[in-house]
Structure formats: structure tokens, C-alpha cells
Amino acid sequence: MLNLSESHLNALYKKAEGEAWNGLLSYFMKGAEHIPLQVGSTRILLELVIPAHIMDPQSEPKYYIVDKDELFLLRRDHRELRVYKVNDFGVLEMMHGDDELLTDAALGPAFRSVLRKALCDYVAKNPVTSQFVIEAKENFAQFIFTTLINDEFLNALGFTARKIEEFSEKYFAFELFPSYLPVNTY
């Protein structure tokens, strides 16, 4: 279980305000970037895990087994996503398909909005990083799919997304691009 110190909590969430808030991209833990989010009174931390081969040149790139005899090779600068709820004591609990934020009529749309905006802002600042993988099952996979691969919402933010179809069951993967770039040639 991951814990944030009181100093980290204060630094990450000191400017949080309103019903749906996106914080600044931070790097305070080796191998991962973080974006603090808040929906209502719920603190959320979006973790973007940097591949080991970028942090350590001796590491081999990770690949994913997508079928019995088939591999999927990601781009060099992809990120693995993790979404955590953060309690008042700094304990991080990974979100899964049974979380009430996914279905709550009042908070669900705000959560989708802050998550979408955080990822679009990330890609805008880091255009080389456009592929994302998240371990997601059941309701959470469907939530991620409908939240992030949604042309109507993304177009309003100036982005286009494409689900990477080769992934199924345990992992969900997608690409996120500024709308002015052709999706298949980036």
C-alpha cells in the first residue's frame, strides 16, 4: 500500500478548489509522474508510470502478451496509468470497477471530466507520450473506454483517441492525439 506524507498531501492539494479540480503535473517518486485531482471532497491521484527502460538503459522494454502467440510492442515513451483515491491520511487505494465515483450521478461526470482533462493536458505538454495502458477489469475497463475514447468530449478539448484493439481482458490501451495530427501516422 502506498502512502503520501502530510507534506506531499499539502503540496499536491493545497490549491484544490471547486467541485472538479485538476492539479499540476508533479515528479516526486522515481519512475512515475503524478497529477492530483479532486472531485467533490474526494482526492484522486493519477499516476503515469514511466517505463523501466527509460529510467534504466540496461532494462529491456516491456511487452504485453495479447493473445496466446501474439505480442504487442508499445512505443518507447508510453505510460502505464494507475488511478488512486487518496484518504485524509495519505493512503492510496487503487480504483477498480466497484468504485462509486464511476456511477454516482452527481460526481461521475465531474470525475470523467477531470480525468479526461488531466490526460489531454499531459499529452499537450508531452506529445511524444501518446500511448497509455491501464490494468482494468469489468466496470472500470468500460468506464475508461467510455470516458477516454469519446469523440464528442475529446473534440471539445482538441483531441482524438483510438482504442488499441489488440488488448483485451486484463489490460486496456489507447492512444491520445491532438486533433490536428493524423491518428495512424503519429
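## Burial and overall build

Of the 186 residues in this chain, 46% count as buried, where buried means under 20% relative accessible area, exposed means over 50%, and partly exposed lies in between (1.4 Å probe, protein chains only). Please keep in mind that this is a predicted model, in which local features need pLDDT of at least 70 and side-chain atom pairs count only at pLDDT 80 or more, while totals for chains, interfaces and linings use all residues. Residues are numbered from 1 along each chain as its sequence is written, and side-chain values use heavy atoms, with hydrogens and water left out.

The chain has 5 helices and 12 strands; helices (H or I, at least four residues) and strands (E, at least two) are DSSP runs, numbered from the N terminus. Its radius of gyration is 16 Å, close to the 16 Å that the globule rule gives for 186 residues, so the chain is as compact as a globular protein of that length. For that comparison, the radius is taken over C-alpha atoms, and the rule is 2.2 Å times the number of residues to the power 0.38. Along the principal axes, the C-alpha atoms fill a box of roughly 45 × 40 × 30 Å.

## Contacts, surface and charge

Contact here means heavy atoms within 4.5 Å. Among the contacts in the chain with a separation of 6 or more, 57% come from residues 24 or more positions apart.

The chain exposes about 10400 Å², and carbon and sulfur atoms supply 50% of that area; the areas come from the Shrake-Rupley method with a 1.4 Å probe, and for residues only the protein chains shown count as cover. As for charge, there are 19 positive and 27 negative side chains, and the centres of the two sets lie 5 Å apart. Lys and Arg count as positive and Asp and Glu as negative, with His and the chain ends not counted; each charge is placed at NZ of Lys, CZ of Arg, CG of Asp or CD of Glu.

## The nonpolar cores

A nonpolar core is a set of buried Ala, Val, Leu, Ile, Met, Phe, Trp, Tyr and Cys residues joined through side-chain atoms within 4.5 Å. The largest one has 36 residues, and those with the most contacts inside it are L46, F111, L119, F132, F140, F174 and L176. Elements giving two or more residues to this core include the strands β4 (32–39), β5 (42–49) and β8 (79–86), together with the helices α3 (107–125) and α4 (138–148). The largest share, 10 residues, comes from α3.

## L4 and its surroundings

L4 lies in the loop between β1 (2–3) and α1 (6–13). With a relative accessibility of 7%, L4 counts as buried. Not counting residues up to four places away in sequence, L4 touches L9, L12, F28, L45, V86, F89, G90 and L92.

T42 is found in strand β5 and is buried, with a relative accessible area of 18%. Beyond its neighbours within four places in sequence, T42 is in contact with L37, K85 and L101.

Y64 lies in strand β6 (residues 64–67) and counts as buried at 4% relative accessibility. Setting aside neighbours within four places in sequence, the contacts of Y64 are E70, L71, F72, L74, E80, V133, F167 and Y171. Of these, L74 is 10 residues apart from Y64 in sequence and 8.3 Å apart in space, C-alpha to C-alpha.

T147 lies in helix α4 and counts as buried at 0% relative accessibility. Leaving out neighbours within four places in sequence, T147 is in contact with R112, L115 and R116. T147 and R116 are 31 residues apart in sequence, and their C-alpha atoms are 7.0 Å apart.

T146 also lies in helix α4, but at 36% relative accessibility T146 counts as partly exposed. The C-alpha atoms of T146 and R112, 34 residues apart along the chain, are separated by 9.1 Å.
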